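Take a look at the model below.

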Amino acid sequence: MGHTGDGWGYACEILKHDYFSPHHILYKPFVAFCSTPFDQFFPFLSPIVFYSQLNLIWGAISLYILFLILEIINPSNEKNIWAMMFVAFGFGFIRYSGENETYILPILFSLLGTFFHFKKANKFWTYLFLSIAVLFHQIHIFWLLGFGISEIIQKKNWKPLLISCFAIVLFYIGYAIHYQITWYTLPFYDVQQRQVTTSLGIKNILFTPINFIRTFIQIHGDILLIINIYKIYILSISGILITILLLNFKRVIKYFQSLHSLSLKKTKGSITISNPLIIAILLHFSFAFYSEGNAEFMVMLPLLLIIWFSQSNLLHFQLVKGLTIFIAIWNTLFFIIPSQQYDFKGIAYITDKIQAISQSKTKPVKFITDNNVLFSNYLEYKNLTTLYEKMNFKIQSIEEFNNKPNNDLSKFIIVTDAIDNIYSTDRKSIVSKVENQNGLFNQKYKLRTLAILQPNTAQKIKITELY
């Protein structure tokens, strides 16, 4: 599948032995450690493929730990298998367990901590693994806080949470000393660098519910393109999905009616503010809302929700089974198969085209794109891993280009993918507004044409139709 800009970026940093990463301190060093034997025995394979396959392994282990937790709570082998598969086929879990991203490993350690909690083992193991999860990605502080706050509410016991926080802070201090920065700036480093968007406004209300749904099923502007490419295939499978829903409609309604009528007694007191799972769910969801509905910060919610539903006796077997089949078909149809067969951003194709242009022109080439981070990281990765030919064109964002368009047009051959395009809307196009000062670019587009801009004009020479 096509990798994200972060996926390519982490791969480059691991290859360069650049392990600085304040929000996910342990991820890159751990992947580098795991890849050392790989580098020696399989030097001809792409490193990013191996890094992604590591996440696939960790994702599989996470699912098994989830199953063990569900079996402890409510032994019912078949239902728990379907509950585990529901998480496995969720879009967020599929997306990040097959990618060189930082979200699966901390889930594994948080699940390990949760496993020891339900197994009623020594609290040391619960808080040890929950703390390690925070060091793999600090978003998991909310999972840790869920259990720590619950312990304080129920047993007035501050010790486990305080020791965990002290150990994490101590690790941060050592990390900061190593990189010669102030330790208390580490938790807010990505926010200060504007790599994470945080605000309160209409975007939070708009994107939070959309991306919560996207955590389970893929919903994106690319779906319209997929339908256009695979019309008969899509319509046939969609008919099957609609039929499944209609046949189970009454069952779904009855299930939600039963949820409404459940009492606290029937749910064994699990619907209380002192429940660690509820606290963790509320904290994670609140932060995702604050981050303008960032889907990356909701990856853990399906796991927490499934565990809580199991604890509350709310896992209706037939409903879980039906929903699992539904999301499995949907996400296979609209994500897995299209992603394997079609490069929606055209990254390899575009960079090869631009490289050919740069070799045939006397002036240097500059590529202007709204996906500048993705292309820049991909270009760096290619240059780090390709021995025979380096790509030598420059990449710039639309915003940077708008600051001095005339100067750039006279000194460079300007190639862009951001004009003459099909209008579409996604989270990135709405959140990341760009000033359209020179009238060359649309704000909401899907890649269609690769073009060369002519000096001192808005005229373009079409190179090729991408789709």
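The text below covers nonpolar cores and salt bridges.

This is a predicted model: local features need pLDDT of at least 70, side-chain atom pairs count only at pLDDT 80 or more, and totals for chains, interfaces and linings use all residues. Residues are numbered from 1 along each chain as its sequence is written, and side-chain values use heavy atoms, leaving out hydrogens and water.

The largest nonpolar core holds 108 residues. Such a core is a set of buried Ala, Val, Leu, Ile, Met, Phe, Trp, Tyr and Cys residues joined through side-chain atoms within 4.5 Å. Buried means under 20% relative accessible area, exposed over 50%, partly exposed in between (1.4 Å probe, protein chains only). Helix H3 (residues 47–73) gives the largest share of this core, twelve residues. Helices are DSSP runs (H or I, at least four residues), numbered from the N terminus. Ile69 and Ile307 are among the residues with the most contacts inside the core. Ile307 touches Leu66, Ile69, Leu70 and Ile73, among others (heavy atoms within 4.5 Å, not counting residues up to four places away in sequence).

There are four salt bridges, each a side-chain nitrogen of Lys or Arg within 4 Å of a carboxyl oxygen of Asp or Glu. Lys28 pairs with Glu13, with the closest N and O atoms 2.6 Å apart. Lys28 is buried, at 1%; Glu13 is partly exposed, at 23%. Lys16 pairs with Glu380 at 2.5 Å. Lys16 lies in the loop between H1 and H2 and Glu380 in helix H19 (residues 372–385), so this bridge ties together parts 364 residues apart in sequence.

Notes:
Helices (H or I, at least four residues) and strands (E, at least two) are DSSP runs, numbered from the N terminus.
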